[in-house]
Amino acid sequence: MRRRYLAVKLVSEQPISREDLMDTIWDAIIQLFGEYGASQTDLSLIQYQPEKNCAIVRCSHKALEVVKASIASITEISGKPAAIHIQMISGTLKALLEKCQL
Amino acid sequence: MRRYADLRLCPSIEDPDQVERMVSKSSELGYHMVAISIPPNITQTKIRQLQKICGSADVDLVTRIDLAPQTSKELLHLLRRFRRRFEVISMICDSKPVARQAAKDRRVDLLTFPAANLQKRFFDNAEAELASNALSSLEIEMAPLLLLKGLPRIRLLSILRREAAIAKRFDVPIVISSGATDEYLMRSPHDYVALASLFDMGTSVALRAFSEIPFSIVRRNREKLSPNYVAPGIRVVKEGNCCPRV
């Protein structure tokens, strides 16, 4: 199965846990595309660096647009204002790490 | 390399810190040009202050005014008053007569419809035909799409999908702007392209709505506001008596 790796940057005034981050992304996907759409994303969190506010998530390449739109629609995490910006997308984790220097 | 513009940033003008934060965020997100909604009674000192903030973030400032007339007569009056003072004029169409008049007036750059009241989105076939003849663009603001949830967002997406299809059919340019009131509502152009796919706007059309179209509007208006402008295609290139007599 072909996959896409997304490096994202979190903007929030409060610290964000791994669980909160993934819950927020899943909620956004379910809100916009429903449970059927969410089931096709094959989403998982690969790496999270809370001190740098950076994370890498992986999804199915067919669901890339779904995940991108859902991540862009996030305006709060755990009830506090926040935003998640997609920094880079790559087909392999190695290439993403090289480009992002994470 | 493609250059991007956000034709509607809405920081509080009275708070220079917020303006500075939002403008530097725009620069960080990859925008080269931002338009800030400016009240009509703004002083030149304030505009210079905004230009200074934008200059330090390496972003080109565009002065923009949002007009919301109640009648067609008021619309014409406001256009006469403000067209020569602002680089971009956006008309918030609150009623059908105003929307029709705005669509056929060449001095209007952007047609904006309220997102709060979906009954007042008058962008139909007739409006699009008038707009395509007058070179006006349809503005789609993204902040309401981020702020609304549930049924109101479903309705907004449905209307935006219809409006984008009508604009495509009648060749009306679409401008996508953020309408952000704080940094948390600001997104990069590519994030907005992903959001625009929710109302069936293709990637290339959405990218043009952030780059070529806003830049062409600003270029055209800056040329018209320049003291050397005479008429479309005619401008003063040299003055004095060195020109040969014919």
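Me: Which residue stands opposite B:Asp66 in β4(B)?
Reply: B:Ser90 stands opposite B:Asp66. This is a predicted model: local features need pLDDT of at least 70, side-chain atom pairs count only at pLDDT 80 or more, and totals for chains, interfaces and linings use all residues. Residues are numbered from 1 along each chain as its sequence is written, with chains lettered from A and ligands numbered from 1 in the order in which they are written.

Me: How many bridges are there between β3 and β4 of chain B?
Reply: Four, in the parallel sense, between β3 (residues 60-67) and β4 (residues 88-92). Pairing takes at least two DSSP bridges. Strands are DSSP runs of E, at least two residues; helices are H or I, at least four; both are numbered from the N terminus. B:Arg64 has B:Val88 as its bridge partner in β4(B).

Me: What is the handedness of the crossover from β3(B) to β4(B)?
Reply: Right-handed, through helix α3 (residues 72-82) of chain B. That is, with the strands pointing away from the viewer, the path from the first strand over the helix to the second runs clockwise.

Me: And the whole sheet, what is its strand order?
Reply: β1-β2-β3-β4-β5-β6-β7 in chain B, seven strands, open, with parallel pairing. β1 (4-9) and β7 (174-177) each have a single partner strand, so one side of each lacks a neighbour in the sheet.

Me: New topic. How many residues of chain A are in contact with chain B?
Reply: 13 residues of chain A, against 12 of chain B. Contact means C-beta atoms, placed from the backbone, within 7 Å. β5(A) gives the most on the chain A side, with five residues.

Technical notes. Two residues are in contact if their C-beta atoms, placed from the backbone, lie within 7 Å.
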